[in-house]
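This briefing sets out selected local features of one protein model for computational work. Please read the points below alongside the sequence and the coordinates.

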Amino acid sequence: MELEQYRIYSEMARGIRKAPLVLKNANIFYAHSGEFRKGDVAVADGLILGTGSYSGERETDLSGKYLCPGFIDSHLHLESTLVTPGELIRQAAQCGTTTFIVDPHESANVSGTDGIDYILEQTEDVPANVYVMMPSCVPATHVDDNGCTLTAGKMKSYLNNPRILGLGEVMDAVSVINGSVSMHEKLGLFQDRIRDGHAPFLEEGELAAYALAGIATDHECVDYEYAMEECRNGLQVLIREGSAARNLEAVINGIVKNHTDTSGFCFCTDDKHIEEIRREGHINYNVKRAVQLGLAPEKALKMATIQAARCYGLKHLGAIAPGYQADLVVLDNLRDMNVLEVYHKGIKIQKDEKTEIRPCSPYLKNTVHLNNFSEKDLRLVHTGEKAHVLQMVEGQIVTEDLVEEVPFREEAGERIFAADGIYQKIAVIERHKNTGKTGVGIVKGFGITGGAIASSVSHDSHNLIVIGDNDRDMYLAVQELLRTQGGYTLVENGKVYDTLPLPVMGLMSDAGYENVNALLGKMIPRAYEMGIKKGFDPFITLSFMALPVIPEIRVTPRGIYLVKEERILSSPFEA
């Protein structure tokens, strides 16, 4: 700050000169001290000058209302909201989230650095602070078949970008712990910056070795006990509440019951659909839900603001104090946490203002390559008495590896797996390089009958994934996604019920969130009517069933992957 400018601000801070904007009579949340006090907030040029008693050139009376720092989403994938980045940012900003720590590894897995550049370009001048973590695991593991490989060498050109905060979630824990050269090159490249983790269910020594590598956070805690293990190892726990993975209740209940110090916790959404953000909120929902579960509002707000800012080294964000950026949220009360107004850099965000959808390169809208796939590729021969079955878990993205007898039928002298109301078929088809790889397995607990559900959003390699109870409808679903160059589709009794096209890298729609919401509002209820259990978000849960870094069993284009054993089976009937 230039000295002359400081002198002007100093006079405003001391009340000698009026500030351009003063928010009057608010119940101000002081994040540093964790308390509310009534007073005014003076703002100039997007900067907080002071709190106390002020007169302004323009004044807004907030009597009876609560004023908090803008909320911070500590970890999310913009692509998972299904809409273009600018649309998502504007919708979530209306919920009070003014800072987003984005990991674009979905885009990078499909389109490499072109995908990362797309995210950076699309979020340059949105009404929020958007920071990017450099994707660390592209591909996620050595068994993935994705679109590109991102090496430490390719990352170097991004180091001078002020919006690149650090290294994105390190999913390949095995490579970290075993000292893989390529992985530790990436860790070394970001040794002076924040390095995000992804470490579900590591054993005690493994977790210590993982933290020893300098990884600072994790968002994969599904229960309080494991969250505390991570805290004891020095990791900042990012409590996730998204669309498929809802971990907040389990972790917060443990915190409340045990009177746990909350300084080691923040909030994130990870993956959350646009229609759910509009319906229930964003980080404000995490705060509200935590308070409903018994956490003190002051603690929940610190987790959503200053603790996240400190974790990511954002010294100008997360508090209402002199010198901090004027990112502010006005709440009606501390029970319902309804967001009334949001300010970014001292400018009020207009509700439901139309977002201009920026075009993207045609190259990014031609990413589904599948020339020789046929219905016979889905055939699953029953070769044993029992099979490895992927048990899906309601409200979670973890799975269980069951070994069970499954139904079959006789066909041309062979036993063929026969889906029913309990067991269905799952297939993952490589879609980036037209390799022809198709992995076929068996799922339990999902429940779809009379058709198929398919998606080109399939973490993190984003191949085509489909679950169904008959090969005809599964094949038709795959062909429909080839036609639309990505998306979500439902097929019922030999006909496409409906499709949400996601042509931008097979991940996002550029048709506007209204169209996305309308189609999802039609397709999701239909998916439930087809038997999918209400404990699942049909499409988001589906999208995680190929992710080989989440226990216990997944399906990849190479076959069944047993996560704990790090072993691929060509058939679920292998021992």
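Asn 25 is partly exposed, with a relative accessible area of 27%, where buried means under 20% relative accessible area, exposed over 50% and partly exposed in between (1.4 Å probe, protein chains only). Asn 25 belongs to strand E1 (residues 19–30); helices (H or I, at least four residues) and strands (E, at least two) are DSSP runs, numbered from the N terminus. The model is predicted: local features need pLDDT of at least 70 and side-chain atom pairs count only at pLDDT 80 or more, while totals for chains, interfaces and linings use all residues. Residues are numbered from 1 along each chain as its sequence is written, and side-chain values use heavy atoms, with hydrogens and water left out.

**Backbone geometry**

- Asn 25, a residue other than glycine, has a positive phi near 60 degrees.
- Gln 485 is likewise not glycine and has a positive phi, near 55 degrees.
- Gln 485 is placed in the loop between helix H15 (471–484) and strand E25 (487–492), and Gln 485 is buried at a relative accessible area of 14%.
- Val 138 and Pro 139 are joined by a cis peptide bond with omega of about 5 degrees; Pro 139 sits in the loop between E8 and helix H5 (152–155).
- A cis peptide bond also runs from Pro 551 to Glu 552, with omega near 0 degrees, and Glu 552 is in the loop between helix H17 (538–543) and strand E27 (553–556).

**Strand pairing and burial**

- Strand E9 (residues 164–170) is mostly covered, since seven of its seven residues are buried.
- Strand E8 (residues 129–134) pairs with E9 in the parallel sense over three bridges; two strands pair if DSSP finds at least two bridges between them.
- Ile 164 in E9 stands opposite Val 132.
- E9 also pairs in the parallel sense, over three bridges, with strand E10 (residues 194–197); there, Arg 195 in E10 is the bridge partner of Leu 167.

**Two sides of helix H8**

- Leu 207, Tyr 210 and Ala 211 are the buried residues named in helix H8 (residues 204–212).
- They lie on the same side of H8 because they cover an arc of only 95 degrees around the axis, the arc being that of the directions from the helix axis to the C-beta atoms.
- Gly 205 and Leu 212 are exposed on the face of H8 turned away from its buried side.

**Salt bridges**

- The count comes to 31 salt bridges, each being a side-chain nitrogen of Lys or Arg within 4 Å of a carboxyl oxygen of Asp or Glu.
- Glu 11 and Arg 17 form one of these, at 3.2 Å from N to O; Glu 11 is partly exposed at 26% relative accessibility, and Arg 17 is partly exposed at 37%.
- Arg 415 meets Glu 410 at 4.0 Å, N to O; Arg 415 is partly exposed at 38%, whereas Glu 410 counts as exposed at 54%.
- Arg 567 meets Glu 565 at 2.8 Å, N to O; Arg 567 is partly exposed at 30%, and Glu 565 is partly exposed at 47%.
- A network of salt bridges links Glu 241, Arg 246, Lys 272, Glu 276, Arg 279 and Glu 280.

**Pockets**

- On a 1 Å grid over the protein atoms alone, a pocket is an open set of points where a 1.4 Å probe fits, with protein on both sides within 12 Å along at least five of seven lines; lining residues have an atom within 4 Å of a point.
- The largest pocket has a volume of about 610 Å³, a volume being the space filled by probe spheres set on the points, which are joined across faces, edges and corners.
- Its lining holds 27 residues, with Val 174, Leu 202, Val 563, Lys 564 and Glu 566 nearest the centre.
- Helix H6 (173–177) and strand E18 (399–404) each supply at least two residues of that lining, and H6 gives the largest share, four residues.
- The lining of the largest pocket divides into 14 nonpolar, six polar and seven charged residues; Ala, Val, Leu, Ile, Met, Phe, Trp, Tyr, Cys and Pro count as nonpolar, Asp, Glu, Lys and Arg as charged, and the others, Gly among them, as polar.
- The second largest pocket has a volume of about 310 Å³.
- Its lining has 17 residues, and Cys 95, Ile 277, Arg 278, Gly 281 and Asn 284 are the closest to its centre.
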